[in-house]
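Subject: Structure for you to look at, with notes

Dear colleague,

I am passing on a structure that I would like you to look through with the viewer open. Please take the notes below slowly, and check each one against the picture as you go.

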Amino acid sequence: MQREEALLLERVTAFGPDFVEAVARLDAEHPLAHERGIPCWVGIELMAQAISAFSGLELRARGKAPRIGLLLGTRRYVAQTPYFGAGVELRIRAQLSWRDADGLAVFDCVLSEGGRALASAQVKGFEPEDIGAYL
């Protein structure tokens with residue numbers, strides 16, 4: 001998979017102090033696509049990329065450069081279907097529910113199509129001030 005194919009979000013549609021909304025549309029020719037559509041496990045990556053967009057926008061609003069963050073885990077990922085439709089507009093909302101001063105954060109995420117929730121999860125991430133020192 002090439003770098004362009006790994007960037008799944010098409011655009012950010014809304015952003016606020018504690019949330020981000022984004023859109024993704026993966027067509028049937030995308031490397032992650034299956035003959036039945038987009039496997040539901042791709043939803044976790046869509047949520048993680050939305051959280052990354054939130055972080056980058058938040059840092060830029062404070063005059064700072066985006067940083068590398070780490071996906072620590074996902075709790076209660078529930079998908080209503082084994083596949084998402086290829087070529088359909090998938091909306092991702094990530095709502096910040098908790099964050100500490102060291103860069104650990106928890107987001108409540110929902111992935112939907114046409115107003116219908118297709119997947120939800122609680123996603124934990126970590127964004128250290130200095131990724132090099134952390135690693």
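In what follows, Ala, Val, Leu, Ile, Met, Phe, Trp, Tyr, Cys and Pro count as nonpolar, Asp, Glu, Lys and Arg count as charged, and the others, Gly among them, count as polar. The model is a predicted one, in which local features need pLDDT of at least 70 and side-chain atom pairs count only at pLDDT 80 or more, while totals for chains, interfaces and linings use all residues. Residues are numbered from 1 along each chain as its sequence is written, and side-chain values use heavy atoms, with hydrogens and water left out.

The pocket

A pocket here is an open set of points, on a 1 Å grid over the protein atoms alone, where a 1.4 Å probe fits and which has protein on both sides within 12 Å along at least five of seven lines; its lining residues have an atom within 4 Å of a point. The largest pocket has a volume of about 540 Å³, where a volume is the space filled by probe spheres set on the points, which are joined across faces, edges and corners. Its lining is made up of 30 residues, and I51, S55, G69, F126 and E127 lie nearest the centre. Two or more lining residues come from each of α2 (42–61), β4 (70–79), β7 (104–113) and β8 (116–126), and α2 gives the largest share, with nine. Helices (H or I, at least four residues) and strands (E, at least two) are DSSP runs, numbered from the N terminus. By residue class, the lining divides into 13 nonpolar, six polar and 11 charged.

A residue of strand β8

K124 belongs to strand β8 and is partly exposed, with 30% relative accessibility. Leaving aside neighbours within four places in sequence, K124 is in contact (heavy atoms within 4.5 Å) with residues including L70, G73, R75 and V106.

Best wishes

How values were computed: Buried means under 20% relative accessible area, exposed over 50%, partly exposed in between (1.4 Å probe, protein chains only).
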